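Let's walk through this structure together, from the overall layout down to its disulfides.

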Amino acid sequence: AVVSTQSGHYGRDSDQTNCSDPAMVSLECQIDGVQTSVSRSMICHDLADIQLCDDGIENTCLELSASCNIHKHQMCDGKFDCSDNVDETDSICYSLSSTRCTRKYGEAGKEELQIPLSWLYDGTADCVGEEDETGTWPTCG
């Protein structure tokens, strides 16, 4: 059974957070205001009724082509995640910020990368420090 907590998150999948095995960690986010890690199995899981992270970043996934459904932070990171390479050749990858940040998701979360300009001030904090949503981020690529 699914037990809803006060914040609207679901207790059923609490075993998918606070991962101690770095190989299983895919995302760092706030859950009920506490910084924690989230298991790879909860990213793009197609369970729209389950939100672990306060901001729902684990559900920010894109179907880029018939053969490619990935988390948006896998785009424009210099690694080909899709068999048709659309994650690195999509038009948004040609307009990147000059400033770098640490993305919240995946292996990209371990290094600072440029982000697509279309992600700036879009209402979703893509950078760990949320600087892509602040007024101090440069708007020219």
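**Finding your way around**

Buried residues account for 39% of the 141 residues in the protein. Keep in mind that this is a predicted model. You will find one helix and six strands, and from the N terminus on they follow the order β-β-β-β-α-β-β. The accessible surface is about 7,500 Å², with 49% of that belonging to carbon and sulfur atoms. Of the contacts between residues at least 6 apart in sequence, 32% join residues at least 24 apart.

Cysteine 29 sits in strand β1 and cysteine 53 in the loop between β2 and β3, so the pair ties together parts that are 24 residues apart in sequence. Cysteine 29 is buried at 3% relative accessible area, and cysteine 53 is buried at 0%.

Move on to the disulfide between cysteine 68 and cysteine 82, where S to S is 1.7 Å. Cysteine 68 belongs to strand β4, while cysteine 82 is in the loop between β4 and α1. Both of these cysteines are buried.

Cysteine 76 and cysteine 93 form another disulfide, with their sulfur atoms 2.1 Å apart. Its S-S torsion is about -80°, so it is left-handed.

Finally, look at glutamine 74, in the loop between β4 and α1. Glutamine 74 has a relative accessible area of 17% and is therefore buried, the cut-off being under 20%. Among the residues it touches are Lys79, Asp87 and Tyr105.

Technical notes. Residues numbered from 1 in each chain as written. Predicted model: local features only at pLDDT ≥ 70, side-chain atom pairs only at ≥ 80, totals over all residues. Heavy atoms only, no water. Helix = DSSP H or I, 4+ residues; strand = E, 2+ residues; numbered from the N terminus. Buried < 20%, exposed > 50% of the residue type's maximum accessible area, 1.4 Å probe, protein only. Contact = heavy atoms within 4.5 Å. Areas by Shrake-Rupley, 256 points an atom, 1.4 Å probe, with all protein chains shown as cover. Disulfide = S-S within 2.5 Å. Lists of a residue's contacts leave out its neighbours within four places in sequence.
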